[in-house]
Amino acid sequence: GKGGVGKTSISSALAVELASSFEHDLNVLIVSTDPAHSLGDALDVDLRSGNDNNNNNEESSARPRPTTLSDPLTNLKLHALEVDPRAALLDFQNKLSLFDVSTLSSSIGMDISPQLLEDLGLGELN
């Protein structure tokens with residue numbers, strides 16, 4: 001949507017309202033793919049720390065993790081994440097490049113020929 005109209009402000013206010021509701025016991029996750037990364041500013045928290053991961057597993061360290069807000073209003077029920085859309089797209093494209101119809105066919109556990117999967121267009125994913 002158009003910049004400067006309040007998308008992040010409204011969504012973050014709604015997330016705080018839902019997470020702090022006494023009527024409903026909700027855990028709320030708010031995710032932003034805005035390249036400007038203004039969600040952290042709206043919530044007054046550094047969301048970049050959610051991207052730090054002490055796990056040595058390469059796959060898990062490449063993925064950003066939600067940050068749990070520890071303020072007394074939301075009482076650990078609000079989680080926020082800023083996703084870099086370019087990095088997410090590259091990660092998705094890399095995973096698609098590993099897609100193999102023959103491997104999928106043999107891993108389904110049913111007698112499905114690779115040609116049938118090709119005919120369904122699944123070969124176009126890589």
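Among contacts in the protein between residues at least 6 apart in sequence, 53% join residues at least 24 apart; contact here means heavy atoms within 4.5 Å. The exercises below concern a predicted model, in which local features need pLDDT of at least 70, side-chain atom pairs count only at pLDDT 80 or more, and totals for chains, interfaces and linings use all residues. Residues are numbered from 1 along each chain as its sequence is written, and side-chain values use heavy atoms, with hydrogens and water left out.

**Exercise 1. Overall composition**

Task: State how many helices and strands the protein has, and in which order the elements run.

Solution. Step one is the count: the protein has 6 helices and 3 strands. Helices (H or I, at least four residues) and strands (E, at least two) are DSSP runs, numbered from the N terminus. Step two is the order, which from the N terminus on reads α-β-α-α-β-β-α-α-α. Step three concerns burial and surface. Of the 126 residues, 23% are buried, where buried means under 20% relative accessible area, exposed over 50%, and partly exposed in between (1.4 Å probe, protein chains only). The accessible surface comes to about 9000 Å², and carbon and sulfur atoms account for 53% of that surface. Accessible areas come from the Shrake-Rupley method with a 1.4 Å probe; for residues, only the protein chains shown count as cover.

**Exercise 2. The sheet**

Task: Determine the strand order of the sheet and the sense of each pairing.

Solution. The 3 strands form an open sheet in the order 1-3-2, with mixed pairing. Strand 1 (28-32) and strand 2 (67-68) are the edge strands, each pairing on one side only. Two strands pair if DSSP finds at least two bridges between them. Next, take each pair in turn:

- Strand 1 and strand 3 (residues 78-82) are parallel, over 5 bridges. Leu29 stands opposite His79 in strand 3, and Ser32 has Glu82 as its bridge partner there.
- Strand 2 and strand 3 are antiparallel, over 2 bridges. Thr68 has His79 of strand 3 as its bridge partner.

**Exercise 3. Cover on strand 3**

Task: Which residues of strand 3 are buried on each of its faces?

Solution. Begin with the general rule: in a regular strand the side chains alternate between the two faces of the sheet. On one side of strand 3, Leu78, Ala80 and Glu82 are buried; on the other, His79 and Leu81 are buried. The tally is thus 5 buried residues of 5 in strand 3.

**Exercise 4. Surroundings of Ser12**

Task: Is Ser12 buried or exposed, and which residues does Ser12 touch?

Solution. Ser12 belongs to helix 1 (residues 7-19). Its relative accessible area is 4%, so Ser12 is buried. Leaving aside residues up to four places away in sequence, Ser12 touches Ile30, Leu39, Ala42 and Leu43.

**Exercise 5. Positive phi angles**

Task: Where do His37 and Asn75 lie, and what is the phi of each?

Solution. His37, which is not a glycine, has a positive phi of about 50°. His37 is placed in the loop between strand 1 and helix 2 (39-43) and, at 32% relative accessibility, counts as partly exposed. Asn75, also a residue other than glycine, has a positive phi near 50° and lies in the loop between strand 2 and strand 3.
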